Amino acid sequence: MPTLTEAEEISDIAFGYMGSKALFAALHFGIFTQLAEAPATVDALAKKVDLPGERCRTLLTALAALGLVERVDGTYRNSPAAERFLVKGAKYDFGDYLRLQVGQQMYPLMDQIEPALSGDLPEDATASYAEWFSDPKEARLYSESQHAGSLGPALGLARRVDLANARTLLDVGGGTGAFAITLCQTFPDLSATIVEFPNVAKLGRSFVDKAGLSDRIAYREGNALETEWPREQDAILMSYLLSGVPDHAHEDLFKRAFDHLAPGGLLMVHDFVVDSDRAGPKNTALWQLQHTAFTPEARSIAADWLEKQLVKAGFENVGVEPLIPGMTKLALGTRPA
């Protein structure tokens with residue numbers, strides 16, 4: 001006989017979508033930002049966020065059940081995690097990434113998952129990043145929210161690698177430059193070239209200019225799989241690139257990286273990479289599935305496969321370790337000197 005715990009586990013999976021929607025709704029109405037100013041009763045908070053009292057209570061009850069807010073003596077306050085990551089303007093805020101990119105773009109595309117898996121996507125479906133980013137509006141929404149969500153991982157990468165002796169960085173598919181900006185700020189002798197789609201590059205230049213790095217970071221517009229890359233680079237970064245392109249493109253990307261690095265140059269691959277036993281992490285596996293909805297030929301990347309491919313391409317000192325715990329991994333490899 002199935003146990004109650006087993007049934008609860010299945011229910012948690014099935015109702016995960018509802019929990020996500022509760023989070024997106026709270027971000028939309030600014031619940032966490034308001035509670036960061038001061039704990040509030042349902043009625044007081046409802047007035048601040050312009051919601052009917054009972055509907056605000058229903059939302060807060062769901063948020064409390066999810067552990068995102070806490071109820072103490074009739075008032076609500078943010079949980080420590082919500083206070084750190086979901087309050088507008090907080091140091092580690094990535095609420096817009098969740099609300100805009102995940103909630104407004106990724107979730108609707110998940111309706112394509114069944115035909116994407118079976119190979120029956122209709123002709124008008126979104127089937128690649130190239131198609132998606134050909135729409136300036138979609139490119140802007142994705143890129144601006146992705147920029148906010150990438151700043152934290154970029155800081156983690158800057159602490160993990162030593163580029164003090166590097167002078168040139170190639171950021172392949174580098175979006176609006178969150179990683180390139182962070183690395184150039186950390187290593188003052190470093191300059192970067194970002195290869196990215198035109199609609200994204202246009203936005204990225206504004207972020208680069210705002211950071212005061214226009215003299216050190218340049219864009220090369222085009223599809224990273226087709227556009228010519230600069231050679232003799234001291235470091236090459238591919239962040240979230242492998243999971244967004246067809247699996248048959250991976251081998252060529254590794255070969256091009258090897259060929260465009262200077263001897264002794266460093267390759268950094270940051271992406272959604274599951275453990276070698278393919279039992280998780282859960283969030284990584286689900287993110288890989290989500291990518292399949294609009295990149296049907298995407299690969300489910302595992303740590304052992306990635307390490308073997310880099311060695312096969314000629315890299316040495318190869319290693320794969322977590323960067324965002326429970327979510328992403330960082331693979332490093334050097335071109336022999």
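Two strands count as paired here if DSSP finds at least two bridges between them. The model I am working from is predicted.

Entry: the sheet. I looked up the strand order and found an open sheet of 7 strands, running β5-β4-β3-β6-β7-β9-β8, with mixed pairing. I noted β5 (217-221) and β8 (316-322) as the edge strands, each pairing on one side only.

Entry: I checked β3 (residues 168-172) against β6 (residues 233-239); the two run parallel and are joined by 3 bridges. I then looked for the partner of L169 and found A235 in β6.

Entry: nonpolar cores. I find 57 residues in the largest one, where F32, L63, L163 and M268 have the most contacts inside the core. I listed what L63 touches, leaving out residues up to four places away in sequence: A22, L23, A26, I31, F32, L68 and V69. Apart from this core I found another, of 28 residues, which includes V195, I236, F315 and V318.

Entry: helix α4. Which residues of α4 (residues 42-49) are buried? I find V42, L45, A46 and V49. Looking down the helix axis, I see these buried residues within an arc of 105 degrees, so they line one face of α4. I traced what the buried residues of α4 pack against: α3 (31-37), α5 (53-65) and β2 (75-78). Last, I checked the backbone just after α4 and noted a positive phi of about 60 degrees at D50.

Key: Residues are numbered from 1 along each chain as its sequence is written. This is a predicted model: local features need pLDDT of at least 70, side-chain atom pairs count only at pLDDT 80 or more; totals for chains, interfaces and linings use all residues. Side-chain values use heavy atoms; hydrogens and water are left out. A nonpolar core is a set of buried Ala, Val, Leu, Ile, Met, Phe, Trp, Tyr and Cys residues joined through side-chain atoms within 4.5 Å. Buried means under 20% relative accessible area, exposed over 50%, partly exposed in between (1.4 Å probe, protein chains only). Contact means heavy atoms within 4.5 Å. Helices (H or I, at least four residues) and strands (E, at least two) are DSSP runs, numbered from the N terminus. The arc is that of the directions from the helix axis to the C-beta atoms.
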